[in-house]
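Here are a few notes to read alongside the structure. Have a look at it first, then work through the points in order.

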Amino acid sequence: MKIAIVGTGYVGLVTGVCLAAIGHDVTCVDVDEEKMAQLGAGIVPFFEPGLDELLAVQRQERRLSFTESHEAAFSGAEAIFIAVGTPQGIDGMPDLRALIEVARAIGLTLANDAVVVIKSTVPVGTNHFVRELIAEHLVRPVTVQVVSNPEFLREGAAVYDTFHGDRIVIGADDEEAARLVEAIYQPLGIPVLHTDTRSAELIKYASNAFLATKISFINEIAQLCERLGATIEDVARGMGMDARIGEKFLRAGIGYGGSCFPKDVKALLGMAELSGYSFSILQAVERVNYRQRLLLIEKLVGRLGDLHGKRIALLGLAFKPDTDDMREAPSLTIAETLLKMGAQVVGYDPVSNTKARHVLPPAVELAPGAEEALGGADAAFVLTEWEEFTRPSFARLFTRMKAPIVFDGRNCLDAAVLGEWGIEYHPVGRGAWV
Ligand code: UGA
């Protein structure tokens, strides 16, 4: 099938490459000239395991192309996927400007019937709004249906998730349009759920908000573990063995970050408020998540007292491993707070040092490696569970610190190995609070 994808961020590019890989003829379109030039040359503009290789194969087989022209991309396309960003606006709700621009462009340039598939995360009711907007701008007598098809892939596992997703949600008011989208995904063999558009839009927010709730819940249990002398991993394992609870997303630590959970939780709170409902659980989820980001600093102050002049090494800056994404990374709040408290901050991330430089305060030093970051530090925070930090051989590097005191915000280090090197270790949610 001939498919156009508008927007080449994580969702758009991964979808484009994967749909090409299952045999579709895909054209990706984006207004970002630099990005299009990079992609045209086969370069993925962000870090995502496995994507470069798959992109190279699809370009070679000529099933995937890139253009800056909407008209060229839409020409003959049976389906147009919209995957543009909907970042958080100043009012906390998603900023739909890019989406509105695309809807206008579709209306003004479309010369054949097409199904528009909205993959971007959008507030409930947006699919109807987009359908009306396109209809208002149509200049040719063509038929356009709009289908909601939310995305559930994770950064860092985006390609895997696209091929092995748990479900594909198709929200449509027109049955034929829904069947066309189902046919596109059919080679993947993933279960499909058909709903109306509003329910599909809400499924996306409800899913992310529920996962965020799981994380904040386990983080509160971790707080209790520290106070009551229990061990969070054992508690989480025991809970997760109950199939009704499930073992995933019960890793305690410094809370969730990234471009999705914080933004989607806020947007759902906003939607609830606009509808006249106060979503109490979700308000608490957000509060707990923010408090959790400051947990290591609270512990550090409990251990060292005044932080003036203390040198603190931050290991891992990205919001999670296998990505260079710094959006809403806990490291940002932590670095800013430490600086305000008079500490010196030095950071290191295996992949996102360059991106981090643009978003961290200039006073934060960036080290070329973990060894350099740790040299002379009074304490270290592990903020991202990169594989590099979890290797047993890594533990030796902590001995380069002035005093080897480690606060592990992801519980990813091996306490026994650190103990062998005489390193003082403070994980989250294990036993007594320091
Ligand atoms: C999340 C969802 O998992 C995807 O299903 C969804 O498609 C995506 O948002 C989106 O809306 O686009 P992502 O933000 O890439 O994906 O990352 P996750 O792996 O879900 O992690 C999110 C955050 O939660 C990270 O900061 C991670 O460290 C934290 N987390 C995750 C925990 O603190 N504990 C856990 O047990 C799991």
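**Helix packing and the ligand shell**

1. Start with helix 9 and helix 12, which pack at about 55° with their axes 9 Å apart.

2. Helix 12 (residues 280-293) has another partner to look at, helix 11 (residues 261-274): the two axes come within 10 Å and cross at roughly 150°. Anything over 145 degrees counts as roughly antiparallel, so that is how helix 11 and helix 12 run relative to each other. This crossing, too, is left-handed.

3. Now back to helix 9, this time for the ligand. Spanning residues 197-228, helix 9 gives the most to the shell around the ligand, with three residues.

4. Who else is in that shell? The ligand is surrounded by 21 residues, and the closest are Glu155, Arg251, Tyr256, Gly258 and Cys260. By type, the shell splits into 10 nonpolar, six polar and five charged residues.

5. Which domains supply the shell? Domain 1 (2-195) and domain 2 (204-290) each put in at least three residues.

6. A word on confidence, since this is a predicted model. The protein has an average pLDDT of 96, and 99% of the residues score at least 70. As for the model-level scores, ipTM is 0.98 and pTM is 0.96. One caution for reading any such model: where pLDDT is low, the coordinates should not be read in detail.

How values were computed: Residues numbered from 1 in each chain as written. Predicted model: local features only at pLDDT ≥ 70, side-chain atom pairs only at ≥ 80, totals over all residues. Near = placed C-beta within 6 Å. Helix = DSSP H or I, 4+ residues; strand = E, 2+ residues; numbered from the N terminus. Nonpolar A, V, L, I, M, F, W, Y, C, P; charged D, E, K, R; others polar. Domains from an automatic or database assignment. pLDDT = per-residue confidence, 0-100. Axes fitted to C-alpha atoms, helices over the stretch in contact; angles between N-to-C directions. Parallel < 35°, antiparallel > 145°, perpendicular 65-115°, else oblique. Left-handed = near helix turned anticlockwise from the far one by under 90°.
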